[in-house]
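Me: I would like to understand the terms used for this model, and on what grounds each one is applied.

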Amino acid sequence: MSHAAVQQAPAPLPPSNGGQSLSHRGLPRWAPAGFAVLGILIGAGIGAAAGLDSKVQWGLIAVIAFLVVSYVTTSVVENQRQAKDRLATSVVWVCFVLAVIPLFSLLWTTISRGVKVLDGYFLSHSMAGVPSSQPGGGVYHALIGTLEQVGIATVIATPIGLLTAVYLVEYGKGALARAVTFFVDVMTGIPSIVAGLFILSLVLMTDTPPSGLLGSLALTILMIPVVVRSTEEMLKLVPNELREASLALGVPKWRTILKVVLPTAIGGITTGVMLAIARIAGETAPIILLVFGSNLINSNPFEGAQSSLPFYIYQEYKAGEVASIDRAWAAALVLIAFVMILNLVARGIARWKAPKTGR
Amino acid sequence: MASTTPMDTPPAPPLSSKPGTSTGRAGDNIFAGLSRGSGILLLVIMASIAVFLTYRASLALSKNEGNFFTTFEWDASLTPPVFGIPVLLVGTILSSIVAMVIAVPIAVGIALFISHYAPRRLAAPLAYVIDLLAAVPSIIYGLWGALVLVPYLDGLNLWLDQYFAWTYIFDQTQPGVARNMLTVGILLAIMILPIVTSVSREVFLQVPRMNEEAALALGATRWEVIRLSVLPFGRSGVISASMLGLGRALGETMAVATVLSPSFVLSFHLTDPVGGTFAQNIAAKFDEANATGRDALIASGLVLFFLTLLVNGAARLIIARRKEYSGANA
């Protein structure tokens with residue numbers, strides 16, 4: 001190991017030849033950027049020359065060119081190990097860029113196409129009497145539906161989730177705790193449509209008419225495991241010293257949990273609950289099965305068909321008209337904004353209330 | 001630790017005004033009971049999902065004129081109902097595999113990027129962005145996939161068919177635009193990317209600093225540090241992250257329902273615009289289904305349920321075997 005000095009960043013010294021390291025030559029600092037530009041040029045060049053019409057292929061060629069160029073150059077100029085390191089760095093960068101492109105495209109498309117229809121009228125009117133081919137109409141009924149369904153689900157799921165997490169962290173030891181842990185994990189993986197089908201099977205047996213409440217019940221099933229998981233993680237972060245101090249003062253265990261453990265973790269728990277809300281707010285499948293959707297305003301979640309934002313988007317997309325697709329994008333923008341704001345606030349709380357840890 | 005250690009000398013007059021002396025026992029029992037109760041409730045829910053779905057499914061299966069496991073059609077609402085799941089099973093597994101193959105390596109790459117490669121100042125905002133995108137609802141991915149991604153992938157689709165038809169999976173035998181399993185897989189990959197990334201990243205950040213510094217001190221390059229200390233430490237985390245992703249991919253409804261052009265044709269060619277998945281089929285067929293039709297859809301949902309159960313269970317076992325670091329009380 002003669003070149004122990006050459007770790008971490010590709011040496012910060014100027015590109016001029018000569019010693020960035022005492023033992024061997026190195027590429028200049030701007031090399032990765034240079035490789036990237038070269039790769040893009042090659043990709044665009046080959047793409048244009050071969051007349052490929054899909055930009056996806058241009059991108060793929062550019063990526064491959066970038067990786068090959070950086071590996072070969074480094075292995076020639078430096079050595080095999082550095083080349084491998086450089087390759088890994090390049091791959092990691094490429095991964096990131098690859099992922100960011102579609103994600104930004106999605107946000108950009110939603111915003112740019114959503115603002116076309118989105119205005120006060122859109123937010124305050126329902127679809128009553130608006131044919132799908134005509135512009136006009138709005139999401140008010142869907143907004144109400146989403147808020148009510150998600151609200152009910154939250155009210156049911158949060159206490160159950162919290163108590164289960166408390167059980168797992170503070171009480172659970174034996175076979176029951178292990179079973180609950182296992183099934184919480186499994187439950188996290190339950191597809192939303194299966195949760196919907198479960199409630200549907202109950203509905204079919206009792207002949208219940210569709211209502212927002214049924215949708216909320218399905219959403220509850222989806223929400224509980226998420227709340228349990230996040231709360232559990234947060235409770236585990238509470239230092240044992242706090243519990244022991246409280247118990248040593250003679251405080252009963254339940255008060256220790258309520259007054260010491262939960263308040264310490266409250267920031268993280270709130271965040272977890274809000275993230276769970278954000279997750280279920282976007283669920284469409286159970287609504288299709290259980291709430292049926294409606295173009296009219298129905299503010300009673302316990303009776304009659306309701307709509308919800310995700311369902312509305314699906315409905316307008318399926319209609320396939322220009323006007324309805326515009327509405328779908330606008331509703332998508334509303335939904336994304338709702339979810340994102342929840343997320344931002346949740347993470348803000350998490351940061352603000354975060355227990356001080358070492359790292 | 002032992003439950004309630006206080007030396008309960010006075011036989012407890014209920015509800016004294018002194019906090020935390022006497023009400024302890026009863027409160028403890030109630031609270032412990034409540035929390036155990038909700039744990040049990042969870043198990044009950046899981047059990048009843050299996051039981052009720054099985055019951056409804058059996059109603060439909062008893063009327064089925066076809067064979068549930070070998071019939072290649074879905075006419076559950078006809079008078080002699082005929083339906084079978086092989087097309088759906090293949091479609092579900094195929095699209096999920098495509099999604100995993102694309103998503104997991106890229107997600108690990110991004111997680112490494114954020115935890116180890118990105119410039120310090122950028123790392124936090126980037127992680128934040130990825131986290132936010134995990135929250136994008138699936139229907140919006142579906143909308144974007146159908147209206148934006150499909151046109152983009154048309155060219156790639158043609159190209160793959162032209163030059164890689166010999167791989168069999170890229171051989172397009174049915175005409176049509178890119179509303180196929182490949183596109184669905186790519187879209188699912190994009191959808192599960194943020195989840196897999198954020199879980200993996202958390203794990204990578206927990207790698208003991210000492211391990212990394214020890215590797216660096218031995219003269220390892222950054223990649224060698226990652227290979228020697230980060231990846232071995234993070235493996236179980238990556239598996240659990242992938243499991244979360246796979247679970248989401250298997251049961252994803254809306255993204256598939258909007259992107260795929262479904263039909264009951266069994267095809268292992270990823271570029272054929274045919275096939276279907278369990279969840280997509282349920283969403284698509286539910287509206288026009290009669291009573292038996294709904295039960296039949298429930299039957300297919302039951303298969304999906306057991307599929308996800310199996311995947312999650314297996315992944316859990318893998319993780320349990322490597323569980324050295326549980327995080328808390330370490």
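Me: What makes the reach of helix 3 (residues 80-114) of chain A close to the one expected at 1.5 Å a residue?

Reply: This is a predicted model, in which local features need pLDDT of at least 70, side-chain atom pairs count only at pLDDT 80 or more, and totals for chains, interfaces and linings use all residues. Residues are numbered from 1 along each chain as written, chains are lettered from A and ligands numbered from 1 in the order written, and side-chain values use heavy atoms, without hydrogens and water. Helices are DSSP runs (H or I, at least four residues), numbered from the N terminus. The expected span is 1.5 Å times one less than the number of residues; for the 35 residues of helix 3 of chain A it is 51 Å, and the helix reaches 51 Å from its first C-alpha to its last.

Me: Why is the crossing of helix 2 of chain B and helix 5 of chain B called right-handed?

Reply: A crossing is right-handed if the near helix is turned clockwise from the far one by less than a right angle, and left-handed if anticlockwise. Helix 2 (residues 86-117) and helix 5 (residues 181-205) of chain B pack at about 35°, with axes 6 Å apart, and their crossing is right-handed. By class, their contact has 23 nonpolar, 7 polar and 1 charged residues.

Me: What is the mean pLDDT of chain A?

Reply: The mean for chain A is 84, with 90% of its residues at 70 or more.

Note on methods
Axes fitted to C-alpha atoms, helices over the stretch in contact; angles between N-to-C directions. Helix = DSSP H or I, 4+ residues; strand = E, 2+ residues; numbered from the N terminus. Nonpolar A, V, L, I, M, F, W, Y, C, P; charged D, E, K, R; others polar. pLDDT = per-residue confidence, 0-100.
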